[in-house]
Amino acid sequence: SVSPPGRTVSKGKFSTKANSARIHSTKAIERADASPAIPSERGKREFPKIIIFDVDGVLVDVRESFLRTVIETVNFFTGVRVTHPQIHEWKNKPGFNDDWKLSHIWVNALGAEHSYEEVKKKYVELFWGTKKRPGNVRLERWLLSRPALRRLKARAELAIFTGRTRR
């Protein structure tokens, strides 16, 4: 997956179940009695040596930031204000989970001819922001508490695996 767009997790029909499962999993990890134990060869449950997290939708709630960035990107190139339900219609089609790809194809489907790289560059700018304009990343919120991370870090190595771009 590519991010920031990567996997857009949003309020609509497409991703409610996926997002609920991710947020539920994150909240379960926060509970002291719900450690991510795994079965060992002897059948005993052991704590893993390493826990690898995804960022988008697991550590960070990205629902509003990704949706708003798609809307703003399409609007920038076409002047058309698309809606959340329209985004979900696209997201329900195979191959449109990558918001850069979705934005590019949608922009061109609306009659504006722009390259993938041009649309991606604008998307990233709208997501991260500029010196003059804050980005939509500001709409995100952290899902896993610091105390929970500290508890996990005391028992296992923590890592992040993500397609999210850096600033």
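**Notebook: helices and their neighbours**

Helices here are DSSP runs of H or I with at least four residues, strands are E runs of at least two, and both are numbered from the N terminus.

Before going on, I noted that this is a predicted model, where local features need pLDDT of at least 70, side-chain atom pairs count only at pLDDT 80 or more, and totals for chains, interfaces and linings use all residues. Residues are numbered from 1 along each chain as its sequence is written, and side-chain values use heavy atoms, with hydrogens and water left out.

**Confidence**

I checked pLDDT, the predictor's confidence in each residue, from 0 to 100. The protein chain averages 80, and 74% of the residues score at least 70. Over residues 1-24 the pLDDT is below 50, and this stretch has 69 contacts in the model beyond near neighbours in sequence. Contact means heavy atoms within 4.5 Å. Where pLDDT is low, the predicted coordinates should not be read in detail.

**The whole chain**

I found 6 helices and 6 strands in the protein chain. Along the sequence, the pattern runs α-β-β-β-β-α-α-α-α-β-α-β. Of the 167 residues, 41% are buried; buried means under 20% relative accessible area, exposed over 50%, and partly exposed in between (1.4 Å probe, protein chains only). I also looked at contacts with a separation of 6 or more: residues 24 or more positions apart account for 69% of them.

**Helix H2**

Back to H2, which covers residues 63-78. I read its length as 16 residues and 23 Å from first C-alpha to last, close to the 22 Å expected at 1.5 Å a residue. The expected span is 1.5 Å times one less than the number of residues.

Which residues of H2 are buried? I listed Ser-65, Phe-66, Leu-67, Thr-69, Val-70, Ile-71, Thr-73, Val-74 and Phe-77. They pack against H3, H4 and H5. I picked out Phe-66, which counts as buried because its relative accessible area is 0%.

**H2 against H3**

I then looked at how H2 meets H3 (residues 84-91): their axes come within 10 Å and cross at roughly 95°. That makes H2 roughly perpendicular to H3. For the angle, axes are lines fitted to C-alpha atoms, for helices over the stretch in contact, and angles run from 0 to 180 degrees between N-to-C directions. Under 35 degrees counts as roughly parallel, over 145 as roughly antiparallel, 65 to 115 as roughly perpendicular, and the rest as oblique.

From H2, Glu-64, Leu-67, Val-70 and Ile-71 meet His-84, Ile-87 and His-88 of H3. By class, this contact has 4 nonpolar, 2 polar and 1 charged residues. Nonpolar covers Ala, Val, Leu, Ile, Met, Phe, Trp, Tyr, Cys and Pro; charged covers Asp, Glu, Lys and Arg; the others, Gly among them, are polar.

**Helix H5**

Next I took H5 (residues 116-128), where 13 residues should span 18 Å at 1.5 Å a residue, and the end C-alpha atoms are 18 Å apart, which agrees. Its buried residues are Val-119, Lys-122, Tyr-123, Leu-126, Phe-127 and Trp-128. H2 and helix H4 (99-109) are among what covers them.

Is Lys-122 buried or exposed? Lys-122 is buried, with a relative accessible area of 14%. Not counting residues up to four places away in sequence, Lys-122 touches Phe-76 and Phe-77. Just after H5, Gly-129 takes a positive phi of about 90°.

**Phe-161**

Last, I looked at Phe-161, in the segment after strand E6 (157-160). Phe-161 counts as exposed because its relative accessibility is 65%. Leaving aside neighbours within four places in sequence, Phe-161 is in contact with Ile-52, Phe-53, Asp-54 and Val-55. Phe-161 and Asp-54 are 107 residues apart in sequence and 5.2 Å apart in space, C-alpha to C-alpha.
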